[in-house]
Amino acid sequence: MSENFLSPDDSVDVSISVPGGENGLSLNRLVKLPELLPILAVKDQSMFPRMVLPMLVADPRHQRLVDEVLAGDKIVGLLALKGDITSDEVKGLKDLHSIGVAAQVLQMAKNDEGGLRLVAQGLTRFRILEVVATNPYLVGRIEVVSDIVTDDMESRALVSNLRSLFRKVLELSPHLPSELTSLAASVDHPGALCDMVASALSITPEERQSIVEALDVTERLRRTVTLVNREIQVLELGSKIQDQVKEGLDKTQREYYLRQQLKAIQEELGEEEEADSEAEEIQRKLDEKALPDEVRAEAERELKRLGSMHASSAEYHVITTYLDWIIHLPWEEMTEDHLDIKKARAILEADHYDLDKVKRRILEYLSVRKLNPDMKGPILCFVGPPGVGKTSLGRSIARALGREFSRISLGGVRDEAEIRGHRRTYVGAMPGRIIQSLRRAGSRNPVFMLDEVDKIGADFRGDPSSALLEVLDPEQNFSFSDHYLDLPFDLSKVMFITTANVLDTIPPPLRDRMEILEIPGYTAEDKLAIAKRYLVPRQRTEHGLDAKRLTIADAAIKLLISGYTREAGLRNLEREIGSLCRWAARAIAEGEAEKVTINKKDVAEILGPQRIVPDTALRTAVPGVATGLAWTPTGGDILFVEASSMPGKGNLQLTGQLGEVMKESAQAAVSYLRANAEKFGLPPKFNEELDLHIHVPAGAIPKDGPSAGVTMFTALLSLLEGRPVNSDLAMTGEITLRGHVLPVGGIKEKVLAAHRAGIKTVILPAANERDLVEVPDKVKDKLNFKFAERMDQVAQWAFAPTPKKKRKKAAAKKATKPTALKKAAKGKK
């Protein structure tokens with residue numbers, strides 16, 4: 001089947017809507033379309049054949065077109081523009097849709113704004129063949145196209161279906177006139193039926209143009225049926241929503257009416273109006289607050305209970321307090337993260353010196369957060385001695401992220417309710433400290449610091465560390481339930497940071513949930529840099545001074561570090577700097593000086609004699625003393641192991657508050673020396689002639705651990721051989737009866753302690769060589785490391801080698817000099 005085209009010179013028999021026709025709908029008449037037709041280019045093709053449509057013409061070019069058309073046959077062509085171009089930008093056929101509608105202008109009037117109001121009636125479809133002119137308005141060469149009608153079963157079914165669907169649209173659309181139902185039933189031509197239905201639908205310009213371009217009536221019917229089905233779905237959904245809204249309004253009105261009645265009853269009973277005003281205020285706040293559905297439902301339930309209670313009842317105040325907590329918690333409030341990596345790095349560098357490992361981890365978190373905004377917050381644990389900046393580092397992280405900062409201290413906490421809160425059945429019940437801190441923070445994604453997590457206790461009231469398992473587990477804390485609220489609160493957006501001095505006291509399940517980041521102590525060079533950059537300016541400001549009034553020389557700060565504060569952190573150093581600032585403030589306030597400069601020689605005058613004097617060389621100058629390295633919760637430290645002998649029967653005495661492990665290490669050292677006496681030049685039965693005494697000074701401090709094994713062995717060997725240990729040597733390691741040196745922990749802290757004490761050579765177990773990776777390079781460069789696998793090597797490195805020239809003299813002197821063994825033998829005689 002082919003299209004039926006009429007030449008431009010022929011008359012076109014079209015059915016147009018003219019009142020007074022035979023059927024009241026249409027009247028056939030002949031309309032002759034000119035070969036060249038003025039074109040009105042429009043953005044939205046709303047005109048269909050046989051349709052009367054009002055139009056507004058504001059473009060001066062189009063107004064001129066209308067004036068000339070009205071002077072002639074009053075026929076104009078309506079064509080839709082393609083894309084986003086305007087009618088002024090039309091250059092040819094590529095800017096226009098090919099199929100349009102010819103229309104006859106029936107009426108024209110001017111409005112107050114200078115535009116034209118037209119009433120036009122669609123005549124027929126046409127195809128534009130060529131754009132003949134664009135100035136002063138568009139003129140195109142056209143040809144008339146007619147519908148392609150197929151009278152088959154599919155077309156008849158589509159027509160019947162379209163009429164049925166259109167009736168449903170009219171039932172669901174109150175804004176459409178009901179007369180359209182009878183009008184649709186009276187239209188026999190299927191193409192005209194499609195045009196009429198499409199003109200009544202709320203469809204897009206593109207969909208309307210697709211109906212205009214569908215010359216095959218069957219295809220036009222298919223498209224129109226699809227659009228009508230969609231329109232019905234939209235209208236049914238809108239009707240459903242409207243019914244729900246109406247039902248909700250009816251329920252609200254009913255509740256309002258009942259509340260008004262209840263209010264009147266309460267007034268007759270003489271009850272106070274304050275309860276009503278308080279309940280109304282709570283209701284207003286709940287309406288304004290963004291809450292999860294479950295939380296809102298619980299709050300509304302409690303509010304209804306509140307409305308039926310007297311203000312003087314105890315339960316009334318319990319409910320108002322509970323609702324106040326719900327209203328003021330940040331259920332949905334969040335701060336926006338600052339994901340500028342360079343800016344975050346600058347903030348971390350400005351606030352803290354060194355700590356590269358921690359800074360790198362924070363920047364990694366920010367980078368991942370930038371690529372994946374939905375990632376869960378990490379749980380970091382900063383482990384290190386006091387005063388290294390763990391808590392202040394948390395504040396810097398919050399500032400770098402642009403988040404609120406909240407901190408709670410868990411030291412000494414023994415009650416599980418401190419974490420999860422009390423149940424509301426208790427008098428004076430309150431939420432736990434987690435929920436309390438979130439309320440103070442005002443957002444549900446703060447940086448949350450849990451200080452001293454290694455000092456949590458447990459008793460008959462529960463185990464707080466077990467309660468923290470839910471808080472610090474990303475797979476569980478999205479629905480954290482506080483006993484007081486009894487509602488799930490999402491903690492997954494919180495960035496938790498915990499701090500601890502030691503890991504041993506943290507329960508393994510809790511430690512497993514945290515990412516451990518160790519922060520060791522600072523070297524003397526680090527402390528000097530931190531003091532100049534942070535501590536001195538801060539103390540000057542706190543004491544009302546500035547850089548012009550007070551200057552502290554570098555040499556003075558170095559003396560404070562080495563002579564007054566031997567520590568891993570910085571607290572005592574800042575305290576001593578504060579003492580210098582107070583002394584300077586007094587001098588300035590009394591008028592003794594306008595400007596104070598504190599040099600190295602002034603420190604002793606202000607703070608008193610030097611408290612820490614290097615005595616390693618003095619204490620190890622005699623045989624029987626060796627320097628060991630120890631790990632403590634406050635960082636590494638050195639300790640001296642002293643050995644002494646006296647005539648006896650081989651007894652071993654241990655003093656210095658030694659733990660069981662250290663006692664066993666001492667016994668192992670004695671047994672190894674007895675078993676290898678010949679190798680070390682000792683009499684096989686030396687223990688039968690001597691009583692040995694091993695003492696570790698600072699007897700008031702308990703000590704334990706296997707690290708002192710090699711130190712005890714070296715002190716005993718030095719005593720029995722009569723040779724002093726190298727004064728600049730320190731060591732650590734566990735020993736066995738077979739002479740092996742086993743690895744120990746805390747290498748980083750021990751090496752830093754050796755560096756602070758001025759040690760030059762450190763003996764470590766060979767298996768601990770890999771642990772030096774974590775030691776700063778500037779510390780490793782100043783120390784000489786020796787890695788021992790056996791105790792023979794320790795004995796070889798512990799004593800200074802004797803020059804060849806002096807070796808014979810030393811041997812002769814040793815033969816005449818009474819050693820511990822000879823003294824013991826002489827004593828027996």
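Predicted model: local features only at pLDDT ≥ 70, side-chain atom pairs only at ≥ 80, totals over all residues.
Proline 136 sits in the loop between β8 (116-133) and β9 (138-145), with strands taken as DSSP E runs of at least two residues and helices as H or I runs of at least four, numbered from the N terminus. Residues are numbered from 1 along each chain as its sequence is written, and side-chain values use heavy atoms, leaving out hydrogens and water.

Most residues other than glycine have a negative phi, and most peptide bonds are trans. Arginine 50, in the loop between β4 (36-42) and β5 (52-57), has a positive phi of about 70 degrees. Lysine 74 has phi near 65 degrees and lies in the loop between α1 (60-70) and β6 (75-80). Arginine 50 is partly exposed at 27% relative accessible area, and lysine 74 is partly exposed at 34%; buried means under 20%, exposed over 50%, and partly exposed in between (1.4 Å probe, protein chains only).

The axes of α10 (residues 341-351) and α12 (residues 390-401) come within 9 Å and cross at roughly 155 degrees; axes are lines fitted to C-alpha atoms over the stretch in contact, with angles from 0 to 180 degrees between N-to-C directions. That makes α10 and α12 roughly antiparallel (over 145 degrees; under 35 is roughly parallel, 65 to 115 roughly perpendicular, the rest oblique).
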